[in-house]
Amino acid sequence: LFSNLGDSLKLAATLYPELLQLAGIDDYKKPVMSLLVTLVDSGYINNMQLVNYFNTIYFDAKIELKKQQGKDEKRLDEEKNKDNDAEPVRNYNSNENKNELNDYAILLLLFYDNNINVPKFFDKLLLSKDDVVRLNTAIVLLRNNKPVADSLLEWFAEKDKWRGMLYSRLEQVKKLDKFPARYKTQLDLARSYLVADKEYYKVDSIVFIRKQNIACQGKKGFVYFFNYRVKKEDDWKIGLSGLQPENVLEVSSNHKLSVMTNKKIKEDKPQDEQFQEQLKRLLFTFRKSARNFFDAEKNSYRFTKAGEYEER
């Protein structure tokens with residue numbers, strides 16, 4: 001219908017009053033708001049065009065924040081009551097409300113400098129008990145050259161669970177200068193991308209063993225070998241993380257080779273031999289025929305599927 005996406009967005013931008021009227025209808029609200037966010041992000045709509053709709057946007061944003069706060073309190077209560085001996089749990093990840101909050105943050109940012117309520121709203125987002133909300137908010141602010149406390153970025157960078165995500169998100173918005181320098185090492189990022197593979201809420205221990213220079217899909221670099229256990233009473237298992245650059249002073253967000261294999265380390269077999277076996281299997285999956293074999297659904301391959309297949 002249109003020669004390119006730009007033409008489509010230009011037409012949509014001329015129709016934004018009609019779009020905002022549709023946003024008042026429940027069945028159309030989410031797609032319309034998503035389109036408005038795209039138009040704002042792309043620079044096709046400015047704050048002057050939305051100024052008459054600010055109160056509506058702000059009111060809806062506060063409702064979404066209230067919903068998120070209720071979910072946060074419920075999650076914290078569940079975590080307090082959780083049996084410590086229960087099976088490891090994944091990160092809390094109900095993204096629908098978080099995505100809508102992020103959309104409203106993008107729209108409200110147009111009014112950050114000329115409405116005193118908007119910075120206060122962002123302050124509440126940054127105080128959320130949900131780490132995803134806080135990280136999303138920080139990225140939105142930084143991308144638009146608004147202030148974010150160094151202490152918040154340090155908080156994310158010092159945690160294995162969030163360090164790699166912070167680095168990747170800052171890279172996407174071209175703000176890597178904001179990443180805390182002391183955590184900008186290959187080992188720190190390799191540890192983080194390993195933990196992110198399974199998205200566990202908590203991992204008991206990760207021990208660096210060594211690194212190895214390899215080639216994968218035409219790129220050369222290091223894969224880092226780790227022992228890990230999710231719970232203190234668990235057996236140690238094999239973790240791989242890469243690909244980090246050959247130049248050890250550089251770092252990368254490339255985490256295609258980062259995986260908790262779920263393979264227990266055997267006492268009767270040399271550990272390095274076990275690492276090499278798992279690395280070989282992982283590299284094998286990047287061949288097209290192997291990827292189709294291990295993943296009939298043709299989704300992005302996760303190495304655990306090879307392990308699951310083998311153990312059936």
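Gln217 sits in the loop between β1 (205–216) and β2 (219–229), where helices (H or I, at least four residues) and strands (E, at least two) are DSSP runs numbered from the N terminus. The model is predicted, with local features needing pLDDT of at least 70 and side-chain atom pairs counting only at pLDDT 80 or more, while totals for chains, interfaces and linings use all residues. Residues are numbered from 1 along each chain as its sequence is written, and side-chain values use heavy atoms, with hydrogens and water left out.

Gln217 isn't a glycine, yet its phi is positive, at about 50°. Asn262, also a residue other than glycine, has a positive phi near 65°. Asn262 belongs to strand β4 (residues 259–264). With 37% relative accessibility, Asn262 counts as partly exposed (buried is under 20% relative accessible area, exposed over 50%, partly exposed in between, with a 1.4 Å probe and protein chains only).

Strand β3 (residues 237–245) holds Leu243. The peptide bond running from Gly242 to Leu243 is cis, and its omega is near 20°.

Turning to the helices, the axes of α7 (residues 117–126) and α8 (residues 131–143) come within 8 Å and cross at roughly 140°. That makes α7 oblique to α8. Axes here are lines fitted to C-alpha atoms, for helices over the stretch in contact, with angles from 0 to 180 degrees between N-to-C directions. From α7, Phe122, Leu125 and Leu126 meet Val133, Arg134, Thr137, Ala138, Val140 and Leu141 of α8, contact meaning heavy atoms within 4.5 Å.

Conventions: Angles under 35 degrees count as roughly parallel, over 145 as roughly antiparallel, 65 to 115 as roughly perpendicular and the rest as oblique.
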